[in-house]
Amino acid sequence: MQIHNLSKENSVLNQFIAEIRDVSVQTDSMRFRRNIERIGEVLGYEISKTLDFETKTITTPLATIEATVPKNDVVLCSILRAGVPLHNGLLNYFDQSENAFISAYRHHKDNPESFEIVVEYLACPDLTGKTLILADPMLATGQSLVATFKALEPFGTPKSIHIAAVIGAEAGVDFLENNLPKDTTLWIAALDKTLNSKGYIVPGLGDAGDLAFGEKLQH
Ligand SMILES: O=P(O)(O)OC[C@H]1O[C@H](OP(=O)(O)OP(=O)(O)O)[C@H](O)[C@@H]1O
Ligand SMILES: O=c1cc[nH]c(=O)[nH]1
Ligand SMILES: [Mg+2]
């Protein structure tokens with residue numbers, strides 16, 4: 001797996017990441033969602049550099065000019081619910097893409113430290129020969145992304161697979177490396193060292209879904 005950790009380079013992206021982690025800024029859920037969306041835009045811009053390009057003739061009011069534009073068929077697939085603002089950010093840049101949505105959530109059966117990933121909803125176009133971008137802000141154990149990838153397999157073989165994530169843990173990256181096709185590319189805005197006993201990234205940011213949309217009751 002090829003890994004691009006975008007926070008290795010100083011840019012305004014680091015300001016967005018600092019704000020989504022900061023408890024004193026997290027109280028503003030609109031800013032939290034917008035920052036995740038902005039990070040999606042940055043990730044989308046970086047991914048776009050790896051697409052295939054073609055030359056088109058564009059007519060301006062004064063003359064014509066050759067423009068080099070991406071030609072891939074992109075499918076954006078996000079994991080509900082925390083993936084929604086990241087999806088919007090990617091869609092701002094891949095505005096002609098097709099879209100897939102999947103629900104994958106942690107179901108705590110007996111105690112808060114053990115969970116299984118439940119996939120209940122999936123809407124997806126044909127993926128054959130397309131550029132698939134899987135988006136989920138938090139890459140903790142990596143189980144949600146791998147469960148999502150397996151659920152998408154019946155929809156066709158993509159030409160290339162990109163993972164777009166905001167904060168990841170090293171253990172989650174290792175899990176993806178062992179369970180996804182070798183030619184997958186991971187685009188991550190920040191990489192943290194640790195997972196706690198409940199599978200939360202440390203220092204991380206807490207629960208991305210709750211911060212974007214409010215606390216949910218466990219059921
Ligand atoms: O790498 P993993 O260990 O699988 O964990 C990451 C998952 O946890 C979060 O979703 P969550 O289950 O909190 O659902 P939510 O979006 O409804 O909050 C996040 O959006 C990922 O999907
Ligand atoms: O740290 C984590 C891990 C999973 N899901 C989150 O929202 N945060
Ligand atoms: Mg959550």
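How many residues lie between E5 and E6 in the hairpin that they form? The hairpin of E5 and E6 has six residues between its strands. The legends below describe close-up views of a predicted model.

Figure 1. Strand E5 (residues 98-108) and strand E6 (residues 115-123) run antiparallel and are joined by seven bridges. His 108 of E5 has Phe 115 as its bridge partner in E6. Strand E4 (residues 74-80) pairs with E5 in the parallel sense, over six bridges. In that pairing, Val 75 has Glu 98 of E5 as its bridge partner. In a regular strand, the side chains alternate between the two faces of the sheet.

**Figure 2. The surroundings of His 108.** His 108 belongs to strand E5. This residue counts as partly exposed because 14 C-beta neighbours lie inside 10 Å. Apart from neighbours within four places in sequence, His 108 is in contact with Ser 114, Phe 115 and Gln 218. Gln 218 is 110 residues away from His 108 in sequence, yet their C-alpha atoms are 8.2 Å apart in space.

**Figure 3. The largest nonpolar core and the contacts of Cys 77.** The largest nonpolar core has 52 residues, and those with the most contacts inside it are Leu 76, Cys 77, Leu 90, Ile 133 and Ala 164. Strand E9 (residues 160-169) contributes the largest share of this core, seven residues. When residues up to four places away in sequence are not counted, Cys 77 touches Ala 100, Ile 102, Cys 124, Leu 132, Ile 133, Leu 134, Ala 135 and Leu 152. In soluble globular proteins, nonpolar side chains tend to be buried together.

**Figure 4. The enclosed strand E10 and its two partners.** Strand E10 (residues 185-192) is largely enclosed by the rest of the structure, because six of its eight residues are buried. Strand E1 (residues 2-5) pairs with E10 in the parallel sense over four bridges, and Gln 2 stands opposite Thr 185 in E10. E9 also pairs with E10 in the parallel sense, over seven bridges. Here Gly 168 stands opposite Leu 191 of E10.

**Figure 5. The open strand E2 and its hairpin with E3.** Strand E2 (residues 53-59) lies largely in the open, because the number of buried residues among its seven is zero. Strand E3 (residues 64-70) pairs with E2 in the antiparallel sense over seven bridges. The hairpin joins E2 to E3 through four residues. Thr 55 has Thr 68 of E3 as its bridge partner.

**Figure 6. The shell around ligand 1.** There are 21 residues around ligand 1, of which Ala 82, Ala 140, Thr 141, Ser 144 and Gly 209 come nearest. Two or more residues of the shell are given by each of E5, strand E8 (138-139), helix H5 (143-152) and helix H7 (208-213). The largest share, three residues, comes from E5. By class, the shell has ten nonpolar, seven polar and four charged residues.

**Figure 7. The shell around ligand 2.** Ligand 2 is surrounded by Ala 82, Met 138, Ala 140, Gly 199, Tyr 200, Ile 201, Gly 204, Asp 207, Ala 208 and Gly 209. The shell divides into six nonpolar residues, three polar residues and one charged residue.

**Figure 8. Two cis peptide bonds.** Most peptide bonds are trans. The bond that joins Leu 80 and Arg 81 is cis, with omega about 5°. Arg 81 is found in the loop between E4 and helix H4 (83-93). The peptide bond from Val 202 to Pro 203 is also cis, with omega near 5°. Pro 203 is found in the loop between E12 and H7.

**Figure 9. Ser 197 and its loop.** Ser 197 is located in the loop between strand E11 (194-195) and strand E12 (201-202). This residue is exposed, because 7 other C-beta atoms lie within 10 Å. Ser 197 and Ala 18 are 179 residues apart along the chain, and their C-alpha atoms are separated by 24 Å.

**Figure 10. The annotated span.** An unreviewed UniProt entry carries the annotation "domain: Phosphoribosyltransferase" for residues 10-214. This span is 34% helix and 34% strand, and its end C-alpha atoms lie 31 Å apart.

Key
Residues numbered from 1 in each chain as written. Chains lettered and ligands numbered in written order. Predicted model: local features only at pLDDT ≥ 70, side-chain atom pairs only at ≥ 80, totals over all residues. Near = placed C-beta within 6 Å. Nonpolar A, V, L, I, M, F, W, Y, C, P; charged D, E, K, R; others polar. UniProt positions renumbered as here; feature names shortened; annotations may be inferred. Pairing = 2+ DSSP bridges. Core = buried A, V, L, I, M, F, W, Y, C linked by C-beta atoms within 7 Å. Buried ≥ 20, exposed ≤ 12 C-beta atoms within 10 Å, placed from the backbone. Contact = placed C-beta atoms within 7 Å.
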